[in-house]
Amino acid sequence: MTTTLSERVSQSAFDGSMLRVVLLMDLHEGTQQQFFEAYEQLRHDIASVPGHISDQLCQSFEDPSQWLITSEWESAPQYLAWVNSEHHAEQVKPLGACARNMRPLKFTVLRETGRGYDQAARPTTARLQTTPRLGAGIVRHALTFTVKPGSEKEVAAILSSYASPAARVDAHTRLCRTSLFMHGNRVVRTVEVQGDLVTALRHVSEQPEVRAVEQAINPYLEQDRNLNDPESARMFFMRAALPAVHHIAATESDPADVQRHAVFYPAKPGCGAALAKFLARQDEAAAHRPKSPVRSSSIFQRDDIVVRLIDVRGPLDAQPDITFGVSGPRKAAVLARLTAAPGGRVRPAHHTMNLITDRRAPAQS
């Protein structure tokens, strides 16, 4: 049976589909009016953000401490550009101060039913997702931050020496894999979760061995944080978030010689989203090659930081153009125009990240 591309691509921010974002919030007691007033200040600013279509603020009629903000966007990249911005981080501080828990959920829109949708005057660029995407129920996420130059060896030693936390979070959530890389003084930690990502990340952050490691690297961070201050910790991890924007993988099981690598692509100012989209298209084209060494590729992007996590069969340098994400001189020229590579030349060896640790959960943990 021929595997279609839609079966290989389980996640993509670049298919042009409308995005529905749902933010579930549980407020501290007595902060309902404060939260409502903060949202009143914020909603007019949100309405002017490029790509924003509409939003609603809802309060549970059963429990007044439970709130829901739902918004609709023309496409995922427009939402991600806003939610990952420093301006957004400052905008939502008053809302975050009222919340005991916040859980964001993001959905692309496949179908709409009802007279209201038929009559809605939406931008012509807002489209529905054409077909359902398939996948193995794995959620991917990454964090990135920088450490003080000269401290890289000490940080690598700390980050590679801790005991792994329990993989099983609850009956529905499991931490499957954690991979950590460095490129210069930049750290990238990727996680794969089966179940609820927020629950898994909260579980990991509460483990004593993980908290000890986080405290140990605090003196080396370029951006100060105080993990004992919930607001300081929340803002740090909000700014460190590196969302997955595209994932493509072979559907058959991986052979034993597959190894994990990460490539760091420093985009030119303002070109991060275009670079991530370019790499995603190259991965989709490479998926049609029956002997491609790349078994899976996840692209993470925030602002002008782009990281491509790849599982490769055989040596990384056996087919360097394909493993690096380009094939042919024209594609290489496009990549060079989008990246801030020294001398305008992009060399795989200069952008491959150093693997610090790659941990898989036991099969039945």
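Here's a quick briefing on a sheet, an aromatic pair and a pocket in this structure. The model is predicted, so local features need pLDDT of at least 70 and side-chain atom pairs count only at pLDDT 80 or more, while totals for chains, interfaces and linings use all residues. Residues are numbered from 1 along each chain as its sequence is written, and side-chain values use heavy atoms, leaving out hydrogens and water.

**The sheet**
- Four strands make an open, antiparallel sheet, ordered E3-E4-E2-E5; strands (E, at least two residues) and helices (H or I, at least four) are DSSP runs numbered from the N terminus.
- At the edges sit E3 (52–59) and E5 (99–108), each pairing on one side only; pairing takes at least two DSSP bridges between two strands.
- From one strand to the next, the twist averages 15°.
- E2 (residues 19–27) and E4 (residues 66–73) run antiparallel and are joined by eight bridges, with Val 22 standing opposite Thr 70 in E4.
- Helix H2 (residues 32–47) packs on the sheet, touching E2, E3 and E4, and its direction makes about 170° with that of E3. Contact here means heavy atoms within 4.5 Å; axes are lines fitted to C-alpha atoms (for helices, over the stretch in contact), and angles run from 0 to 180 degrees between N-to-C directions.

**Aromatic pairs**
- The count is six aromatic pairs, taking rings of Phe, Tyr and Trp (its six-membered ring) with centres within 6.5 Å; planes under 30 degrees apart are stacked, over 60 edge-to-face, and the rest tilted.
- Phe 145 and Phe 236 form a tilted pair, 6.1 Å centre to centre with 50° between the planes.
- That pair links distant parts of the chain, 91 residues apart: Phe 145 is in strand E6 (residues 138–146) and Phe 236 in helix H10 (residues 230–240).

**Second largest pocket**
- Its lining has 27 residues, with Ala 286, Ala 287, His 288, Arg 289 and Ser 292 nearest the centre.
- Strands E9 (241–249), E11 (294–302) and E12 (305–313) and helix H11 (272–286) each supply at least two lining residues.

Key
1 Å grid on protein atoms, 1.4 Å probe; cavity = no way out; pocket = protein on both sides within 12 Å on 5 of 7 lines; lining within 4 Å.
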